[in-house]
Amino acid sequence: MQNKGAILFLAVTLAVVSIYQLSFTGVTFKVQKDAKAYAKGDLNKELRYLDSIAELPKEKWSFLGNTFRECQKKELNLGLDLKGGMNVILEVSVPDILKALSNYSTDTTFVKALKLAEEYQKSSQEDFVNLFGKAFEQIAPGARLAAIFNTVELKDLIDYNSTNEDVLKVLHKEVQDAIDNSYNILTNRIDRFGVVQPTIQRLSTQGRIMIELPGVKDPTRVRKLLQETADLEFWETYENSEVGPYLMNANELLKQILNVAPKKDTTNTPVPEKTSTETSKNQTTGVKDTTTTADSLIKLLEKDTTAQKENTQSLEEFKTQNPLFAVLIPNTTRDGKYVPGSVVGFAHAKDTSMVNKYLSMKQIRALFPRNLKFYWHFKPYKYDPQQTLYELHAIKVTTRDGRPPLTGEVITSAREEFDQNSGEAKVTMSMNAEGAKIWARLTRENVGRAIAIVLDNYVYSAPRVNSEIKGGNSEITGDFTIDEAKDLANMLKSGKMPAPAKIIQEAVVGPTLGKEAINAGLTSFVIAFLMVLIFMIFYYSTRAGWVADLALFLNVFFILGVLASLGAVLTLPGIAGIVLTVGMSVDANVLIYERIKEELRSGKGIKKAISEGYRNAYSAIVDANVTTFLTGVILYVFGTGPIKGFATTLVIGILTSLFSAIFITRLVFERALNKNNKLTFATRITEKAFTNLNIKFIEKRKLAYIISGTVILVSIISLSTRGLSPGIDFTGGRTYVVRFEKPYPTQDIQKALTKVFDKVPEVKVYGNVDQMKITTQYMIDNPSADDQVEEKMFEGLKPVLGDNVDLQTFKTKYIQSSQTVGPTIAYDIKVQAMWAVFFSLIIIFLYIMLRFRNWRFGMGAVGALIHDSLIVIGTFSLLYGKLPFSMEIDQSFIAAILTVIGYSVNDTVVVFDRIREYMKLYPKRATEEVLDAAINSTIGRTINTSLSTFIVLLVVFIFGGEVIRGFIFAMLIGVFVGTYSSIFVATPLVYDTMKNKHPELDLTVKGTKKKKKK
């Protein structure tokens, strides 16, 4: 084998990278295990332990130069179905943005066009602004959009002479800026949940954003926070020197309170949500930065405080004497002077809640002026190397009603620019006439002081005013990067536009169900893996079997290593994908071993047989895996959530299995040959299995056509009469998995819920007899009504649950998981599913046609795939409601169909590859004879691969848990039908489309044709 050194180097490199990446998972697992041992069942104690480790600097805790928090970010990311948590897809309301851009125009044409565009959106994936343009043109042909959008805010972009195309371009830009800002706001909001490895990403459909929050235990709070409209506000501030003395007094009083009544610690008093916030850097509006220098602060932190060093007190003594300053570091210089600006102190992220509690205590609150309130900055302090410190700002309330003197509604434009003199990034903004008037007064009265720009009760910027600003045009300068300036500009610009993000799809998985999913997934994986290992040793001898098993083991190891390296998410379908990959990766070993056995039977020596076996198996292996790889890519492109996770592991698994099976096993065999080790590729039991077969498959094709035609006819009849059981992915709705204290008849639960839901919900036993899956369409037109629906469900189930169960207990302990899919996204999912199946068939047809240089092969393969798909779908139509597991048609089912397509074509391509080979070897043989010989010669590979894959899937079906049981059942049917169709459907179709032609005209390579002409 050539390039042994390169292959060995690549294998070692891949192994080292995998070990490195997976080591972080091992380390975090050990720390989490220590935390559980320390907490002894106390969840709060366990979380405090983990937080304390996460806050340690590298000097005190590190692994390969990473802090524990950094290790957590690099560990193998588990999906919500394994870890528990919440997944939501939000949609920024583009209609609301357009209303704001029109200055809430009441023009009847505009209002009608918006409503019509919303109707269009229900059955279209096109950009909403484009749909609005089409609707406007349809309602009022020739009317001008400029008449509606020529507002004060857009006067620099749109005038009365602007064409509709020009206006739509501006609207596209403004809408995208608002969506970008919403994305940034949501990114900052999810940081407040304190979860490890949160995910936020934009989806292909405009305005849609997917968020995953592992481990979240309060879905109600998440829904509320994610869907709130952002409030942009401008506040006057107190100077640090004005608030500092109050903080000193608060520290003294707090010491007395805690010393007098330590058992009645008022720090446990809940704090209003508005007092909690985060932090970042300070920026300025044409003035100097208001924060202290980086060096002085860092030195101050190293000493904890000046007082602590001077008195040489221990840390505990200092905390006792200075309870407030133990968690809030005053913003002072090294010599104790107050740093100018609105920042009064700094706190570690873990201490911000304690600061909030202290400052909100009634006795402490009474010390401060009534018009003083505190807001945190939204990002960590820029000059803190650990990025754990947050700045606390002092806000001055100057209005009688407590509202800010100025809000984002007055801003007409904002954009990022570069200062011509300094070259630094800055933000320019303009205000309307009313805003300019108030802004002039604010800046005049606050020269030399900071004005805080606040969003969602968090300070984004605290610029200090140099002089009165008239006309409403201002510059905000500071230590900006261009991205930071752009984010601030977007925030200011869209402050006037209420663009709420509505939840249109949601999935919540409780930690109990997640833990059960992990156990089920691991159990199925271990059992399936062991069975495959044993099968390979049994069928191909101990030595050859162990080499194949080594390839399988390395394959799984590489898959996990690559997943960790890419930061991909491992889901329960992902585990199913790995298990399936294990079963399918046997295929490459089987192909190679079967070819080696053929070479040995032809009388070649072991060394030559191995060399020829690998060489002759390459084309079949590559063709078979490319087609499966293509279906995996399509799944990844069109799938979402768990399906994307399944596709990820499938695609990675195909690549790693090829490397392991082809190259690593070859290296092992060549090393064994160099040592003159005896190699065998069969046991006494299996040595002559599937040899010397001469079954007339083509002759029996008509019987196969009758059998297939009958089954397909039954499937079509069932589809036209019974139909299918569509899941909420395709219909929209809400699904809840509820676990009760004991089993109840489904009719009783259904009857109880019908009273509160108005319509009859669907109630099924889900897995355990005490667990039910409840599906309802109640209030689905309002995707954000999840809390109301849960309250109604609780109300209906109250007689079953008993008086001792309250609403919160029901939500946290009884509801194991939930899923919400809005009607719009349900339509989109259906469209994506149809496109996925269509594209997979087209791509496979084109690949096979090009690879085999004949359209008949492509048609035969696609015909077999349609045959397989119809039978699998028909089976689900016939059996749904009759088997004790879910057989709904959803995204998982589509993934199963596509995987069946990939698997079936894998088997078909191997037969086609042998047909191509035999046509070259035996150009004068009859077509029927060549096709039969090709099928007979590959029957051993077909049976072995299908059997091993079927066994693996059967293990997952039995032990893998309820969540993926329907998915695996579809694949079990698909593997069986796919094996049958590759022999009795695909090849006969090729024969019947070309049997009247001489085989050399269609199936031989060009070289053979030329030779024949001579």
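# A walk through a predicted chain

At 9% relative accessibility, Arg 701 counts as buried, because the cut-off for buried is under 20%. This value, like every other one here, comes from a predicted model. Asp 992 has a relative accessibility of 27% and counts as partly exposed. Arg 701 and Asp 992 form a salt bridge, and their closest N and O atoms are 2.9 Å apart. Arg 701 lies in helix 24 (residues 701-721) and Asp 992 lies in helix 33 (residues 965-994), so the pair ties together parts that are 291 residues apart in sequence.

Now step back to the whole chain. It has 1014 residues, and buried residues make up 56% of them. The chain holds 35 helices and 22 strands. The accessible surface comes to about 44900 Å². Carbon and sulfur atoms own 57% of that surface.

Back to salt bridges. How many does a search of the whole structure find? The search finds 31 salt bridges. One of them joins the side chains of Asp 907 and Arg 941, at 2.3 Å from N to O. This pair links distant parts of the chain. Asp 907 sits in helix 31 (residues 891-921) and Arg 941 sits in helix 32 (residues 927-959), 34 residues apart. Both Asp 907 and Arg 941 are buried.

Asp 177 pairs with Lys 173, with the closest N and O atoms 2.8 Å apart. Both belong to helix 9. They are 4 residues apart there, which means about one helical turn separates them. Lys 173 counts as partly exposed, at 48%.

Salt bridges can also join into a network. Arg 595, Glu 598, Arg 914 and Glu 917 are linked in this way.

Next, look at the surface. Glu 137, Asp 159, Glu 165 and Asp 166 gather there in a patch of negative charge. Asp 159 is found in the loop between helix 8 (146-149) and helix 9 (164-190). Its relative accessible area is 39%, so Asp 159 is partly exposed.

Where is Trp 835 placed? Trp 835 is in helix 29 (residues 823-852). Trp 835 is partly exposed, with a relative accessible area of 41%.

Now turn to a strand. Leu 372 is in strand 9, which covers residues 372-376. Leu 372 is buried, and its relative accessible area is 2%. Which residues does Leu 372 touch, leaving aside its neighbours within four places in sequence? Leu 372 is in contact with Tyr 238, Val 243, Arg 365, Ala 394 and Ile 395. Consider Val 243 among these partners. Leu 372 and Val 243 are 129 residues apart in sequence. In space, their C-alpha atoms are 8.9 Å apart.

The loops deserve a look too. Lys 678 lies in the loop between helix 23 (642-674) and helix 24. Lys 678 counts as exposed, at 69% relative accessibility. Lys 678 and Arg 543 are 135 residues apart in sequence, but 8.7 Å apart in space, C-alpha to C-alpha.

Phe 690 also lies in the loop between helix 23 and helix 24. Its phi is near 60°, a positive value in a residue other than glycine. Phe 690 is partly exposed, with a relative accessible area of 33%.

Ser 541 has a positive phi as well, near 85°, and is a residue other than glycine. Its place is the loop between helix 19 (511-540) and helix 20 (542-566). Is Ser 541 buried or exposed? Ser 541 is buried, with a relative accessible area of 5%.

Methods:
Residues numbered from 1 in each chain as written. Predicted model: local features only at pLDDT ≥ 70, side-chain atom pairs only at ≥ 80, totals over all residues. Heavy atoms only, no water. Helix = DSSP H or I, 4+ residues; strand = E, 2+ residues; numbered from the N terminus. Buried < 20%, exposed > 50% of the residue type's maximum accessible area, 1.4 Å probe, protein only. Contact = heavy atoms within 4.5 Å. Patch = residues over 30% accessible without salt bridge, like charges linked within 9 Å, V, L, I, M, F, W, Y side chains within 5 Å. Areas by Shrake-Rupley, 256 points an atom, 1.4 Å probe, with all protein chains shown as cover. Salt bridge = Lys/Arg side-chain N within 4 Å of Asp/Glu carboxyl O. Lys, Arg positive; Asp, Glu negative; His and termini not counted. Charge placed at Lys NZ, Arg CZ, Asp CG, Glu CD.
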